Amino acid sequence: MTAGVDLGGPQTQAIGSDEDVVRVRQLVRTVAVAVKLSLVDQTKLVTAASELARNTLIYGGGGTAEVTVVEDGRRRGVRIVFADSGPGIVDLGLALTDGYTTGGGLGLGLSGSRRLVDDFDIQTAPGEGTRITITKWSR
Amino acid sequence: MERVPVLKIGDILLVSIQIDMSDQTAVTLQEDLAERIVATGCHGVIIDITALDIVDSFVGRMLSTIASISKVLDAETVVVGMRPAVAITLVELGLSLNGIRTALNVERGMELIAATRDDDLGYDDTPGDVESATAATSP
């Protein structure tokens, strides 16, 4: 683990392998602890990050995760942007349905991780990659 | 790639996951366990996840698969030591951990396996099945 967390700038982790998914989890955990998310919120955020990082790898063909500490005046939070230049998602409604999968998984990655965070935004189009932004706020 | 050790204690295989597993490590553990069940003839598998700070859908599916594989190989699987925050997150994620038996700690897990084993070895269950099976094979 890196010594000290710079809460200022965003930190980017490339996602190109299994091991990178582990690194994304570790980075997110470090930042979540630093902004003092509760234990349950840390767990939810790291779990969501793990699902989305795996999606970026498997469906997006790799990409990046960018982790930033955000503030809205009253509270702090952790924002993560997962970006890939893969095939994009054709039917977003379907992709966000519990149990739907095109990859042989459980179909809980997108729908499940959306439930685990406070803000969830997804931008995608066929052929134009996918960009998912999630935020978890301290309470 | 890191590997998770499988320990044999009497009639039980004990796996204590102490690392943040990559997906490949999880798949390898699944295969290692199947081989060890057959090689040792053990009738119980205990998977200790005390040290895991998250269980995402991939690891959840691995736990379910291990339980199914060991069932086919005549062994019971019990997952022990799940942290409260992990349990809360799993439920919210939508993961049901099908077919997995759980216990709070290793000791209770061993008791559960022993009790299940005693039940299975009893002669009081469903003699009707034996008759119909005999009838089906007789000319």
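User: How many helices and strands does the secondary structure of chain B come to?

Analyst: This is a predicted model, where local features need pLDDT of at least 70, side-chain atom pairs count only at pLDDT 80 or more, and totals for chains, interfaces and linings use all residues. Residues are numbered from 1 along each chain as written, chains are lettered from A and ligands numbered from 1 in the order written, and side-chain values use heavy atoms, leaving out hydrogens and water. Elements are DSSP runs numbered from the N terminus: helices are H or I with at least four residues, strands E with at least two. On that basis chain B has 5 helices and 5 strands.

User: In what pattern do they follow along the sequence of chain B?

Analyst: Contact here means heavy atoms within 4.5 Å. Of the chain B contacts with a separation of 6 or more, 72% join residues 24 or more positions apart. Read along the sequence, the pattern is β-β-α-β-α-β-α-β-α-α.

User: Which strands do the buried residues of α4(B) pack against?

Analyst: Buried means under 20% relative accessible area, exposed over 50%, and partly exposed in between (1.4 Å probe, protein chains only). In α4(B), the buried residues are B:Gly109, B:Ile113, B:Thr116 and B:Arg117. They cover an arc of only 100° around the axis (taken from the directions from the helix axis to the C-beta atoms), which puts them on the same side of α4(B). Their packing partners in chain B are β2 (12-16), β3 (44-48), β4 (76-80) and β5 (101-103).

User: Which exposed residues does the face of α4(B) turned away from its buried side carry?

Analyst: An α-helix has 3.6 residues a turn, so residues three or four places apart point the same way. The face of α4(B) turned away from the buried side carries B:Glu107, B:Asp118 and B:Asp119.

User: Is B:Phe58 buried or exposed?

Analyst: B:Phe58 is found in helix α2 of chain B. Leaving aside neighbours within four places in sequence, B:Phe58 is in contact with A:Arg54, B:Asp23, B:Ala26 and B:Val27. Its relative accessible area is 16%, so B:Phe58 is buried.

User: Which element gives the most to the lining of the largest cavity?

Analyst: On a 1 Å grid over the protein atoms alone, a cavity is a set of points where a 1.4 Å probe fits but cannot get out; a pocket is an open set with protein on both sides within 12 Å along at least five of seven lines; lining residues have an atom within 4 Å of a point. Grid points are joined across faces, edges and corners, and a volume is the space filled by probe spheres set on the points. The structure holds 1 cavity of 30 Å³ or more, and the largest has about 50 Å³ of space. With 3 residues, the top contributor to its lining is α2(B).

User: Which element gives the most to the lining of the largest pocket?

Analyst: The largest pocket has a volume of about 700 Å³. Its lining has 33 residues, with A:Asn55, A:Tyr59, A:Thr101, A:Thr102 and A:Leu110 nearest the centre. Elements supplying at least two lining residues include β3 (76-84) of chain A and α2 (57-72) of chain B. The most, 6 residues, comes from α2(A).
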